[in-house]
Structure formats: structure tokens, C-alpha cells
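These are my notebook entries on a structure I looked up.

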Amino acid sequence: LLRVMAMKILRSVADCVQATKFCIMVDETTDVSTTEQVTIVLRWVDSDLEPHEDFIGMYAAANTTADHVVEIILDTLLRLNLELENCRGECYDGAASMQGVRKGVATQLSAKEPRALFTHCYGHALNLACQDTVRSVKCLKASLDTAHEISKLMMYSSKRNTAFKTMKEQMSPGEPGLRTLCPTRWTVRGDALGSIRSNYAVLQKSMSFLAMSLNCSMLSCRTA
């Protein structure tokens, strides 16, 4: 039933896009099961000059090479009965496979349709600009590095993570848990820093408990 509903929605989107020009937005990522996924979104403008962005789907990919991504894009357009000659824009991140000068996705599609102009995703561009800015300010770089190490210390060890969760249940059961500081996505770092701030007392208590446990273990080994 869900598949039938999904196909009906895709057909309605395809019917709308067929009557106008459109742009392609593509990104690739790896999900929690380490499966490569290619996400495709179409952007188009209706007769009232209202812009629309429609999520078309996520497609499992054997790899994310430029040739394979191009193959996925063309296959998706074919199944939606959309002509590449009506494409007027391409939007990707700055990966070499996407905007490579010789064999990148943008280069290959532009060779097939020169009117499809490539634009570096503004979200990725802003993320890169923020990262470069932070790297140039020592106190900000040190603060984010420390926050990243704190999240790694507590979350990448089952023993430390269990101690943190136990302390959290006792001290602040209603607060959100600790979040890992993403090294590449600037826009999600605020939540990670906020989680450290809201769990600051719990982190202190957990680290004190772990330090005492370590000292007791070392003392036991010496006296044994």
C-alpha cells in the first residue's frame, strides 16, 4: 500500500515538472548501516512563479563515483519521463566526484545539456566558510576540539557511557542526552554544544566517579 501511495505521489510530481523547466539537487551520504545512499530532489517553478522542491527518493549505490551517480540521475529522470534537455540547473556539494573538472557529475551532465548550470550548494559553502573561520580563531577551535573530545570520551566507551547514563537518570532524567559533535556539519554543532552545557553537572559527576574507580583499581593492583 505504501509503495502504491509513493508511486502515485511521484507520478503527480512528474506531471507537474514535465510542464516546466527544473533543476536537479543531488547529495550522497552513508547511512547507519554503512550503505551508500544518493538523494535526489527536483526544484521547479509553477505558472504562478512559486518555487517547489520535491524529494524524489533515496537510492542505494554500489559506489559514489561520478559515472555511477550520473547513471542513477539519468535512470531516475527516465523513470519519471523527464527530459534532461529541460534541466536548467544542477546543485551538488564540493566533492571531487560531483564537481570534478574532467569527469565530475556536473561536467558530464553539462556536456549532455550545456544549459544545465552548476551551482555549489549554498549550505555546503556556508558550512565550509564557517569551518575556515573557526579554524582561524584559536579560542573557538580549542573550544570545539574540547567539546568533540568530551563527546568521544563518553560515547565511544560502553563503560563510560553506562556511567554517564546512570548519573543522568539520577540527576537530570528529563534533559536530552549527550550528542556527538559532528566534524563536518556546522549547522548541527549547536545541538551538540547545547547538550554538553545542559549535562555539564552530569559530566563532571561521571568523570569524578570514573576517576575514583580507576584510582581504586590501581590501588588494588598495587596492594595485591
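**Helix H7**

I began with helix H7 (residues 158-171), which has 14 residues and reaches 20 Å from its first C-alpha to its last, close to the 20 Å expected at 1.5 Å a residue. The expected span is 1.5 Å times one less than the number of residues. Helices (H or I, at least four residues) and strands (E, at least two) are DSSP runs, numbered from the N terminus.

The model is predicted: local features need pLDDT of at least 70 and side-chain atom pairs 80 or more, while totals for chains, interfaces and linings use all residues. Residues are numbered from 1 along each chain as its sequence is written, and side-chain values use heavy atoms, without hydrogens and water.

I then looked up which residues of H7 are buried (under 20% relative accessible area; exposed is over 50%, partly exposed in between, with a 1.4 Å probe and protein chains only). They are Ala163, Phe164, Met167 and Lys168. These cover an arc of only 135° around the axis, so they sit on the same side of H7. The arc is taken from the directions from the helix axis to the C-beta atoms. On the other side of H7, I found Ser158, Lys159, Glu169 and Gln170 exposed.

**Aromatic pair**

I found one aromatic pair. The ring centres of Tyr92 and Phe118 are 5.7 Å apart and their planes are at 25°, so the pair is stacked. Rings of Phe, Tyr and Trp (its six-membered ring) pair if their centres lie within 6.5 Å; planes under 30 degrees apart count as stacked, over 60 as edge-to-face and the rest as tilted. Tyr92 is buried at 1% relative accessible area, whereas Phe118 is partly exposed at 29%.
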